[in-house]
Amino acid sequence: MNETQSLKEIITDARQEIGKVIIGQEEVIDLTLITILTGSHALIEGVPGVAKTLLVRTLATVLGCESGRVQFTPDLMPADITGTHVYNMKTQEFVLVKGPVFTDFLLADEINRAPAKTQAALLQAMQERTVTIDRANHELGKNFTVFATQNPIEYEGTYPLPEAQKDRFMLKIDMGYPEESDELELARRLLSAQTPEGVLAGGVIEPVLSAEQLEAARAKLLAVTVKEELLNYMVQIVRKTRQHESILVGAGPRATQALLLAARAMAVLQDRDFATPDDVKAVSLPVLGHRIVLRPEYEIEGLTVAEVIRQLLQAVAVPR
């Protein structure tokens, strides 16, 4: 990245490189880029086989970062992800063996299968970008980003994430099945050497940034203008979640911060240096969806969180 390269140009190049591996899923790709550019974390929900792991590995390659993966299981302990001290017989000293959390982009696969103590260790890493090992604190990199996955169809043997922990994720990204044309293209690639995994492993992907340059690119978001009326619009949307009759638990103040950051990043993705109400609307469901708890009686009637958020957006006056 050179000093004159705009953030929009960087995103355009990143999309192009990611598209060499990930077929379709444009909205998902944009939401993951928003997560990274805002220095946040995302919860990805999708059935097995929709390329969640491949997406994170591809993002790391394109943005010049390292990536890691942890398969969460009921017997996973905090030390399994943070690391531990091991005694070296040769030097007669304890040596720190760092866990997989010491990376840039971490895929926490099926996070809801881990017990509360392990989830809490990851939560500290997400919130403070620090882990505590044997009472000593160790800082993580400035690009540390967690993409945690959940399987929406299998709940046996899981530990549902507490509302407070879900609130630490800026976005919840729903990664659905590919379109028919995309699935057909994937099938064609499997007949050749151009499989998505083969393309990634073959060195075809060109990094558009280095890990050091990513922080500088992230700082460019501060140049996106957000008017006072739009700020008030976002606050009113979040406050409405605490007043709607169908909502048992509304979104907290952290949701307002997330809405602001995501709307700014969405404006950049749309090649603008100012945010609009449309940017706010575009990110409202990913930002607010996992922070809202519906009343059971409304859920039984078939009301969805997406429908409630649509109602909220209609109820708040759009600034001119």
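**Ground rules.** I number residues from 1 along each chain as its sequence is written, and my side-chain values use heavy atoms, leaving out hydrogens and water. Since the model is predicted, local features need pLDDT of at least 70 and side-chain atom pairs count only at pLDDT 80 or more, while totals for chains, interfaces and linings use all residues.

**Entry 1: salt bridges.** I looked for each side-chain nitrogen of Lys or Arg within 4 Å of a carboxyl oxygen of Asp or Glu, and the count came to twelve salt bridges. In one of them, Asp-30 meets Arg-15, with the closest N and O atoms 2.9 Å apart. Asp-30 sits in helix 2 and Arg-15 in helix 1, so the pair ties together parts 15 residues apart in sequence. Helices here are DSSP runs of H or I with at least four residues, numbered from the N terminus.

**Entry 2: a network.** Which residues join Asp-167 in a network of salt bridges? I found Arg-254 and Arg-291 linked with Asp-167. Arg-254 meets Asp-167 at 2.6 Å, N to O, and Arg-291 meets Asp-167 at 2.6 Å, N to O. I noted that Arg-291 and Asp-167 are both buried (under 20% relative accessible area, with a 1.4 Å probe and protein chains only).

Terms used: Helices (H or I, at least four residues) and strands (E, at least two) are DSSP runs, numbered from the N terminus. Buried means under 20% relative accessible area, exposed over 50%, partly exposed in between (1.4 Å probe, protein chains only).
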